[in-house]
Amino acid sequence: MKLNKLPLVLLATGLFFASCQKEDATPETQEMLNNEAPASQQVSKEIVEKVANLNLNSDYIEPFELVLPGGEKESAFLIENDIAISEDQLSKLSSDDITSKQYHTYNLVASPKTINVIGYTGIGYGQNLSYKMQQALQRAIANYNDLNLGLTFTLTFGTNYNAYDIVVYKNSNGQAGGVAGFPSGGNPYKWVQIFSGMENYSTATNEHVMTHEIGHTLGLRHTDWFSRESCGQSGEDAEPDGAVHIPGTPTGYDPDSVMLACFSANESGNFGYYDTVALNYLY
(Lines give C-alpha, C1' and ligand atoms only; values in the text may rest on other atoms or scores of the structure.)
Protein backbone atom coordinates (compact mmCIF):
# COMPACT_ATOMS: atom_id res chain seq x y z
CA MET A 1 0.00 0.00 0.00
CA LYS A 2 1.37 3.35 -0.94
CA LEU A 3 1.02 6.68 0.70
CA ASN A 4 -1.04 9.48 -0.74
CA LYS A 5 -3.36 7.46 -2.80
CA LEU A 6 -2.53 4.60 -0.52
CA PRO A 7 -3.29 1.16 -1.93
CA LEU A 8 -4.63 -1.39 0.56
CA VAL A 9 -3.55 -4.97 0.14
CA LEU A 10 -6.00 -7.82 0.18
CA LEU A 11 -5.15 -11.44 0.14
CA ALA A 12 -7.86 -13.92 -0.35
CA THR A 13 -7.62 -17.61 -0.07
CA GLY A 14 -5.06 -16.99 -2.54
CA LEU A 15 -5.89 -13.37 -3.26
CA PHE A 16 -4.38 -10.29 -1.78
CA PHE A 17 -5.63 -6.78 -2.07
CA ALA A 18 -3.32 -3.92 -1.45
CA SER A 19 -5.97 -1.68 -0.20
CA CYS A 20 -4.85 1.72 -1.27
CA GLN A 21 -7.21 4.22 -0.01
CA LYS A 22 -6.39 7.59 -1.01
CA GLU A 23 -4.54 10.26 0.71
CA ASP A 24 -3.87 13.45 -1.17
CA ALA A 25 -0.85 12.20 -3.03
CA THR A 26 2.48 13.89 -2.70
CA PRO A 27 4.36 14.49 -5.98
CA GLU A 28 6.78 11.73 -5.05
CA THR A 29 4.00 9.24 -4.35
CA GLN A 30 2.01 10.11 -7.44
CA GLU A 31 5.14 9.72 -9.57
CA MET A 32 5.70 6.30 -8.02
CA LEU A 33 2.13 5.30 -8.89
CA ASN A 34 2.43 6.58 -12.45
CA ASN A 35 5.76 4.91 -13.12
CA GLU A 36 5.00 1.37 -11.94
CA ALA A 37 6.17 -1.23 -14.41
CA PRO A 38 3.45 -2.90 -16.46
CA ALA A 39 2.62 -6.52 -15.77
CA SER A 40 4.20 -7.67 -19.03
CA GLN A 41 7.62 -6.71 -17.66
CA GLN A 42 7.23 -8.70 -14.44
CA VAL A 43 5.22 -11.88 -15.01
CA SER A 44 4.48 -14.29 -17.81
CA LYS A 45 1.89 -13.66 -20.50
CA GLU A 46 -0.02 -16.69 -19.22
CA ILE A 47 -0.41 -15.14 -15.75
CA VAL A 48 -1.48 -11.81 -17.25
CA GLU A 49 -4.15 -13.56 -19.31
CA LYS A 50 -5.43 -15.51 -16.30
CA VAL A 51 -5.73 -12.32 -14.26
CA ALA A 52 -7.55 -10.56 -17.10
CA ASN A 53 -9.95 -13.50 -17.42
CA LEU A 54 -10.90 -13.00 -13.76
CA ASN A 55 -12.00 -9.45 -14.63
CA LEU A 56 -9.19 -8.08 -12.47
CA ASN A 57 -7.00 -5.27 -13.71
CA SER A 58 -4.01 -6.91 -15.39
CA ASP A 59 -2.06 -3.69 -15.98
CA TYR A 60 -0.07 -4.02 -12.77
CA ILE A 61 0.98 -7.44 -11.50
CA GLU A 62 4.07 -8.27 -9.47
CA PRO A 63 5.42 -11.18 -7.42
CA PHE A 64 4.40 -10.89 -3.76
CA GLU A 65 5.51 -12.68 -0.61
CA LEU A 66 3.05 -13.03 2.28
CA VAL A 67 4.61 -13.33 5.73
CA LEU A 68 2.30 -15.13 8.19
CA PRO A 69 2.45 -14.88 11.98
CA GLY A 70 5.55 -16.73 13.08
CA GLY A 71 7.50 -15.89 9.93
CA GLU A 72 6.19 -18.51 7.49
CA LYS A 73 6.06 -17.20 3.93
CA GLU A 74 3.74 -17.83 0.99
CA SER A 75 4.18 -16.74 -2.61
CA ALA A 76 1.51 -14.91 -4.59
CA PHE A 77 1.01 -12.23 -7.22
CA LEU A 78 0.01 -8.71 -6.18
CA ILE A 79 -2.71 -7.34 -8.46
CA GLU A 80 -4.27 -3.87 -8.59
CA ASN A 81 -1.70 -2.85 -5.96
CA ASP A 82 -3.71 -4.66 -3.33
CA ILE A 83 -4.99 -7.97 -4.55
CA ALA A 84 -2.75 -10.90 -3.88
CA ILE A 85 -3.59 -14.19 -5.48
CA SER A 86 -1.58 -17.38 -5.55
CA GLU A 87 -0.79 -19.20 -8.77
CA ASP A 88 -2.80 -22.15 -7.50
CA GLN A 89 -5.86 -19.93 -7.01
CA LEU A 90 -5.42 -18.46 -10.47
CA SER A 91 -5.63 -21.97 -11.89
CA LYS A 92 -8.80 -22.78 -9.92
CA LEU A 93 -10.84 -19.61 -10.41
CA SER A 94 -12.67 -18.73 -13.61
CA SER A 95 -14.39 -15.55 -14.76
CA ASP A 96 -17.65 -17.08 -13.53
CA ASP A 97 -16.27 -16.90 -9.98
CA ILE A 98 -15.94 -13.12 -10.06
CA THR A 99 -18.62 -10.52 -9.61
CA SER A 100 -18.19 -7.02 -8.36
CA LYS A 101 -19.02 -5.16 -5.25
CA GLN A 102 -21.47 -2.91 -5.36
CA TYR A 103 -19.31 -5.18 -6.61
CA HIS A 104 -18.43 -8.48 -4.89
CA THR A 105 -17.04 -11.92 -5.66
CA TYR A 106 -19.07 -15.10 -6.08
CA ASN A 107 -16.80 -16.41 -3.33
CA LEU A 108 -18.81 -15.35 -0.27
CA VAL A 109 -19.05 -16.43 3.36
CA ALA A 110 -21.85 -18.84 4.24
CA SER A 111 -24.40 -17.19 6.51
CA PRO A 112 -25.74 -17.11 9.11
CA LYS A 113 -22.35 -17.58 10.69
CA THR A 114 -20.30 -16.45 13.68
CA ILE A 115 -16.87 -15.24 12.62
CA ASN A 116 -14.23 -15.34 15.35
CA VAL A 117 -11.50 -12.73 14.96
CA ILE A 118 -8.23 -12.45 16.87
CA GLY A 119 -5.92 -9.47 16.98
CA TYR A 120 -2.40 -10.87 17.19
CA THR A 121 -0.27 -9.63 20.11
CA GLY A 122 2.80 -11.89 19.82
CA ILE A 123 5.98 -9.83 19.90
CA GLY A 124 8.02 -12.08 17.61
CA TYR A 125 8.79 -10.75 14.11
CA GLY A 126 7.27 -7.37 15.02
CA GLN A 127 3.79 -8.65 14.15
CA ASN A 128 1.93 -7.55 17.28
CA LEU A 129 -0.81 -4.97 16.85
CA SER A 130 -0.08 -1.67 18.57
CA TYR A 131 -2.52 -0.19 21.08
CA LYS A 132 -3.85 2.15 18.39
CA MET A 133 -4.34 -0.76 15.99
CA GLN A 134 -6.15 -2.76 18.66
CA GLN A 135 -8.53 0.14 19.23
CA ALA A 136 -9.08 0.46 15.48
CA LEU A 137 -9.80 -3.26 15.16
CA GLN A 138 -12.41 -3.04 17.91
CA ARG A 139 -14.10 -0.22 15.99
CA ALA A 140 -13.90 -2.11 12.68
CA ILE A 141 -15.57 -5.19 14.19
CA ALA A 142 -18.25 -2.93 15.70
CA ASN A 143 -18.88 -1.50 12.22
CA TYR A 144 -19.91 -4.93 10.99
CA ASN A 145 -21.86 -5.98 14.09
CA ASP A 146 -23.81 -2.72 14.03
CA LEU A 147 -25.28 -3.73 10.65
CA ASN A 148 -27.04 -6.77 12.18
CA LEU A 149 -26.07 -8.98 9.25
CA GLY A 150 -26.34 -12.75 9.07
CA LEU A 151 -22.69 -12.63 10.14
CA THR A 152 -21.83 -12.06 13.81
CA PHE A 153 -18.27 -11.17 14.74
CA THR A 154 -16.46 -11.89 18.00
CA LEU A 155 -13.09 -10.35 18.84
CA THR A 156 -10.28 -11.27 21.18
CA PHE A 157 -6.58 -10.46 21.43
CA GLY A 158 -3.79 -12.96 21.95
CA THR A 159 -1.35 -15.31 20.25
CA ASN A 160 -3.14 -18.66 19.93
CA TYR A 161 -4.67 -17.91 16.54
CA ASN A 162 -5.08 -21.34 14.93
CA ALA A 163 -8.73 -21.81 15.86
CA TYR A 164 -9.81 -18.36 14.67
CA ASP A 165 -11.49 -17.49 11.40
CA ILE A 166 -9.64 -14.20 10.84
CA VAL A 167 -6.22 -13.25 12.21
CA VAL A 168 -5.31 -9.55 12.14
CA TYR A 169 -1.62 -8.81 12.60
CA LYS A 170 1.05 -6.22 11.80
CA ASN A 171 3.55 -6.29 8.96
CA SER A 172 6.57 -4.21 10.00
CA ASN A 173 7.40 -3.02 6.50
CA GLY A 174 7.04 0.68 7.29
CA GLN A 175 4.38 1.17 4.60
CA ALA A 176 0.79 2.33 4.94
CA GLY A 177 -2.14 0.06 4.12
CA GLY A 178 -2.89 -3.61 4.49
CA VAL A 179 -3.35 -6.98 2.81
CA ALA A 180 -6.19 -9.49 2.92
CA GLY A 181 -7.97 -11.98 0.66
CA PHE A 182 -11.20 -13.49 -0.65
CA PRO A 183 -13.34 -16.18 1.00
CA SER A 184 -13.06 -19.87 0.20
CA GLY A 185 -15.28 -22.83 1.05
CA GLY A 186 -17.86 -20.57 2.69
CA ASN A 187 -15.27 -19.20 5.13
CA PRO A 188 -13.63 -15.76 5.24
CA TYR A 189 -10.00 -15.36 4.25
CA LYS A 190 -7.94 -15.92 7.39
CA TRP A 191 -4.98 -13.53 7.20
CA VAL A 192 -5.26 -9.74 7.45
CA GLN A 193 -2.00 -7.79 7.50
CA ILE A 194 -1.91 -4.18 8.67
CA PHE A 195 1.24 -2.35 7.64
CA SER A 196 3.28 -0.74 10.41
CA GLY A 197 3.23 2.68 8.72
CA MET A 198 -0.41 2.97 9.78
CA GLU A 199 0.93 3.95 13.20
CA ASN A 200 1.48 7.39 11.64
CA TYR A 201 -2.26 7.76 10.98
CA SER A 202 -5.24 8.37 13.23
CA THR A 203 -7.19 5.62 14.91
CA ALA A 204 -10.08 6.40 12.55
CA THR A 205 -7.93 5.91 9.47
CA ASN A 206 -6.61 2.64 10.91
CA GLU A 207 -10.24 1.64 11.48
CA HIS A 208 -10.96 2.44 7.83
CA VAL A 209 -8.13 0.23 6.59
CA MET A 210 -9.17 -2.66 8.84
CA THR A 211 -12.84 -2.36 7.85
CA HIS A 212 -11.72 -2.37 4.20
CA GLU A 213 -9.51 -5.42 4.56
CA ILE A 214 -12.15 -7.38 6.48
CA GLY A 215 -14.51 -6.48 3.65
CA HIS A 216 -12.18 -8.29 1.26
CA THR A 217 -12.22 -11.39 3.48
CA LEU A 218 -16.01 -11.39 3.08
CA GLY A 219 -15.78 -11.17 -0.70
CA LEU A 220 -16.01 -7.43 -1.36
CA ARG A 221 -14.08 -6.00 -4.28
CA HIS A 222 -12.87 -2.44 -4.66
CA THR A 223 -15.80 -0.20 -5.46
CA ASP A 224 -13.73 1.49 -8.18
CA TRP A 225 -12.13 -1.75 -9.47
CA PHE A 226 -13.02 -0.66 -13.01
CA SER A 227 -11.05 2.59 -12.91
CA ARG A 228 -9.10 2.95 -9.61
CA GLU A 229 -10.22 6.57 -9.68
CA SER A 230 -9.53 6.92 -5.96
CA CYS A 231 -5.85 6.33 -6.74
CA GLY A 232 -5.75 9.11 -9.33
CA GLN A 233 -5.89 6.61 -12.18
CA SER A 234 -8.42 6.36 -14.97
CA GLY A 235 -9.12 4.73 -18.28
CA GLU A 236 -8.13 1.22 -17.16
CA ASP A 237 -10.52 -1.31 -18.65
CA ALA A 238 -11.24 -4.14 -16.23
CA GLU A 239 -13.42 -5.99 -18.74
CA PRO A 240 -16.80 -6.01 -16.97
CA ASP A 241 -17.98 -9.32 -18.48
CA GLY A 242 -18.74 -11.59 -15.54
CA ALA A 243 -18.92 -8.75 -13.02
CA VAL A 244 -22.28 -8.65 -11.28
CA HIS A 245 -23.58 -5.40 -9.90
CA ILE A 246 -25.25 -5.40 -6.47
CA PRO A 247 -28.81 -4.05 -6.76
CA GLY A 248 -29.41 -0.68 -5.13
CA THR A 249 -25.81 0.52 -5.40
CA PRO A 250 -24.14 2.85 -7.91
CA THR A 251 -22.56 1.49 -11.07
CA GLY A 252 -20.21 4.46 -11.19
CA TYR A 253 -17.75 6.03 -8.75
CA ASP A 254 -18.87 6.19 -5.11
CA PRO A 255 -16.57 8.63 -3.26
CA ASP A 256 -17.94 7.62 0.16
CA SER A 257 -17.25 3.89 -0.06
CA VAL A 258 -14.91 2.28 2.45
CA MET A 259 -13.97 -0.17 -0.32
CA LEU A 260 -12.31 2.35 -2.66
CA ALA A 261 -8.91 1.14 -3.86
CA CYS A 262 -7.08 4.05 -2.21
CA PHE A 263 -7.63 5.93 1.03
CA SER A 264 -6.83 9.33 2.49
CA ALA A 265 -5.19 10.30 5.77
CA ASN A 266 -8.45 11.75 7.04
CA GLU A 267 -10.88 8.85 6.86
CA SER A 268 -13.81 8.55 9.29
CA GLY A 269 -13.50 4.77 9.47
CA ASN A 270 -17.23 4.38 8.82
CA PHE A 271 -19.14 2.65 6.04
CA GLY A 272 -20.58 4.74 3.26
CA TYR A 273 -24.34 4.49 2.69
CA TYR A 274 -24.03 2.13 -0.27
CA ASP A 275 -21.53 -0.07 1.59
CA THR A 276 -24.31 -0.87 4.05
CA VAL A 277 -26.77 -1.45 1.20
CA ALA A 278 -24.33 -3.89 -0.41
CA LEU A 279 -23.57 -5.81 2.80
CA ASN A 280 -27.23 -6.11 3.72
CA TYR A 281 -27.99 -7.43 0.25
CA LEU A 282 -25.22 -10.03 0.45
CA TYR A 283 -25.59 -11.09 4.09
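1. A residue counts as buried when its relative accessible area is under 20%, and Trp 191, at 14% relative accessibility, therefore falls in that class. The model discussed here is a predicted one, and the points below should be read with that in mind.

2. On the overall fold, the protein has 6 helices and 13 strands, and buried residues make up 57% of its 283 residues. Of the contacts between residues at least 6 apart in sequence, 73% join residues at least 24 apart. The protein exposes about 10900 Å², of which carbon and sulfur atoms supply 45%.

3. The structure holds 7 aromatic pairs, one of which is formed by Tyr 144 and Phe 271 in an edge-to-face arrangement, with 5.0 Å centre to centre and 85° between the planes. Because Tyr 144 lies in helix H4 and Phe 271 in the loop between E13 and helix H6, this pair ties together parts that are 127 residues apart in sequence. Both Tyr 144 and Phe 271 are buried.

4. Tyr 161 and Trp 191 also form an edge-to-face pair, at 5.7 Å centre to centre and with 75° between the planes. Tyr 161 sits in the loop between strands E9 and E10, whereas Trp 191 belongs to strand E12, 30 residues apart. Tyr 161 counts as buried at 16% relative accessibility, and ring pairs link Tyr 161 and Trp 191 with Tyr 120 and Tyr 169 into a cluster.

5. Gly 232 lies in the loop between helix H5 and strand E13 and is partly exposed, with a relative accessible area of 48%. Its C-alpha atom is separated by 8.8 Å from that of Cys 262, 30 residues apart along the chain.

Methods
Residues numbered from 1 in each chain as written. Predicted model: local features only at pLDDT ≥ 70, side-chain atom pairs only at ≥ 80, totals over all residues. Heavy atoms only, no water. Helix = DSSP H or I, 4+ residues; strand = E, 2+ residues; numbered from the N terminus. Buried < 20%, exposed > 50% of the residue type's maximum accessible area, 1.4 Å probe, protein only. Contact = heavy atoms within 4.5 Å. Areas by Shrake-Rupley, 256 points an atom, 1.4 Å probe, with all protein chains shown as cover. Phe/Tyr/Trp six-rings, centres within 6.5 Å; stacked < 30°, edge-to-face > 60°.
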